[in-house]
Amino acid sequence: MLVLDLIGVAVFAASGASAGVAKRLDLFGVVFVGMVTALGGGVIRDVVIGSTPPLAFTDWEYATTACLTSLAVFWLHPQVDRLRRTMLVLDAAGLGLFSVVGAMKGVDFHVPLVGSIMVGMITGIGGGVIRDVLTKEIPVVLHREIYASASLLGAAVVVTVTHFGIARPVPIIGAILLVFGLRLLSLYRRWSAPTPRVGPTSG
Amino acid sequence: MLVLDLIGVAVFAASGASAGVAKRLDLFGVVFVGMVTALGGGVIRDVVIGSTPPLAFTDWEYATTACLTSLAVFWLHPQVDRLRRTMLVLDAAGLGLFSVVGAMKGVDFHVPLVGSIMVGMITGIGGGVIRDVLTKEIPVVLHREIYASASLLGAAVVVTVTHFGIARPVPIIGAILLVFGLRLLSLYRRWSAPTPRVGPTSG
Amino acid sequence: MLVLDLIGVAVFAASGASAGVAKRLDLFGVVFVGMVTALGGGVIRDVVIGSTPPLAFTDWEYATTACLTSLAVFWLHPQVDRLRRTMLVLDAAGLGLFSVVGAMKGVDFHVPLVGSIMVGMITGIGGGVIRDVLTKEIPVVLHREIYASASLLGAAVVVTVTHFGIARPVPIIGAILLVFGLRLLSLYRRWSAPTPRVGPTSG
């Protein structure tokens, strides 16, 4: 479990650090954006459910993994670029993992149904939103592709199914695979969520 | 009380979702910005005063109201535009309600005088600030009109008056009406807060 | 101690309020950005370590100092400009103080080693990051000079040294002076952290 979690952390750190490199931040900036992207969703989750200090501050493996991954991206970024395809697949896995595990942590802290689903989604997409705000972009999850929707669906499925008393391992693994598959499929098929009809507001 | 609160949530969700539509976010982005605008101020308030998980995560009515309102704006946004005047009036009411009720929640959690006033203002304007950061705008409350000032005044009045032991219903209702009236008056008269004198820094 | 802390608050408030003036925010906006810059790092620190309500909400001296300083900058900003050199020195002192004291507060709340270092750095640079996000800039600490790195180093030194049981006053003062000196030296020598090599990503 911890190993899976750390893979998620590493993937998200790589995505944050790459955004930092693209904005020509310095060494520290790249590592900072990488770490915030990797750990931000989980920190917000833990603060919201009242589990302080957050896991990212109590278990050194998280910060260390995020820091080393970001450093690696800083030094190796042309090579990281060539791994873009692999990174997208890993990122889809990280999204599934964080969304589903985050939602279940909400349930374990007695957050009700709808709240736990929101906690799961925040865990999954929170880091990426902070990454985009720090690098002065409108968060990409707000206007592109099936990303946050996959996170939301996975969180909703796992919370609802376990709510009705079904033993955990199956729905958790199932929901992670659901997010993962949906995200990959949307990348492959270039699916997008609908956008508003053009109207008088858009001028 | 809950009904009043939910009206405030709906109005703020509509303002957030409209901003999302104007930025041509997709369906998910519009709903996300709408929900964060509606619930963000209250979530920060509850995290700051240590009341976790926040109300928006424990009472499903909040998230549901915010979500449905945002969906309605997504589908009906040209019509919403025609309601701009009504929206401004409702928004003024929401501002009064959130600021005053937020400040009193601070008092109930034993936050001292100045802190409770700050809690009230954060509740009132926090969602709008997050909305503007997510859509890449300098928060509008920071450079336009009497908005945050009205929120601050209402929070200050209600906290100070109840501090001296006056029974609650009267100052709460009075402070809400004060924010509401001041905000409407400033819209009608086009009042603004003073801006810095032009000087060597502004070049 | 409180006096030192309030000097740090005042310096950070002045830096935030100056940024607000430069963006031509109104009176309220200038004060708001000033207060958030001065108090934001400490509020995040207290929320993360679970010490709620945060100090900035319970001790009125903090909010009052930040508010009065910001008002002073609003009225006197051309003069503040002439003090730029003094401000940089005071800001370096504030950075040292906040980073080191923040890290030790993490230790006192039983946050482990790596976590406490992160808490210290967040306390030191958090306010400035929020200031830049609110005024629509990429946070300056992410792409310029030795700033966050000095904060990180000071936090790391004080947490590590006190971890091995050395009595507090000496490492605390030493670490504050270390951050202060390193920051001044980097300003004087125009040191910067390394930036990524130009590669295919930067096009």
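How many residues of chain B are in contact with chain C, and how many of chain C with chain B? In this predicted model, 37 residues of chain B meet 31 residues of chain C, where contact means heavy atoms within 4.5 Å. Since this is a prediction, local features need pLDDT of at least 70 and side-chain atom pairs count only at pLDDT 80 or more, while totals for chains, interfaces and linings use all residues; side-chain values use heavy atoms, with hydrogens and water left out. Residues are numbered from 1 along each chain as its sequence is written, and chains are lettered from A and ligands numbered from 1 in the order in which they are written.

Staying with chains B and C, the area buried between them comes to about 2,800 Å², with 73% of it given by carbon and sulfur atoms; buried area here is the accessible area (1.4 Å probe) that two parts lose on being put together, summed over both.

On the chain B side, α2 (27-49), α6 (113-134) and α7 (148-163) each supply at least two residues; helices (H or I, at least four residues) and strands (E, at least two) are DSSP runs, numbered from the N terminus. The largest share, 9 residues, comes from α6(B). Sorted by class, this side of chain B has 24 nonpolar, 8 polar and 5 charged residues, with Ala, Val, Leu, Ile, Met, Phe, Trp, Tyr, Cys and Pro counted as nonpolar, Asp, Glu, Lys and Arg as charged, and the others, Gly among them, as polar.

Next comes the pairing of chains C and A. Here 37 residues of chain C touch 31 residues of chain A, and the two chains bury about 2,800 Å² between them, 73% of it on carbon and sulfur atoms.

How do the copies relate? Chain B can be laid on chain C with an RMSD of 0.0 Å by a turn of 120° and a shift of 0.0 Å along the axis, superposing by least squares on the C-alpha atoms of residues with pLDDT of at least 70 in both. That is the relation of a three-fold axis. The copies use different surfaces, and 8% of the contact residues of chain B recur in chain C.

Some backbone details are worth a look. A cis peptide bond joins A:T52 and A:P53, with omega about -5°, and A:P53 sits in the loop between α2 (27-49) and α3 (55-58) of chain A. In chain B, a cis peptide bond joins B:T52 and B:P53, with omega about -10°; B:P53 is in the loop between α2 and α3 (55-58) of that chain. B:K136, in the loop between α6 and α7 of chain B, has a positive phi near 65° despite being a residue other than glycine.
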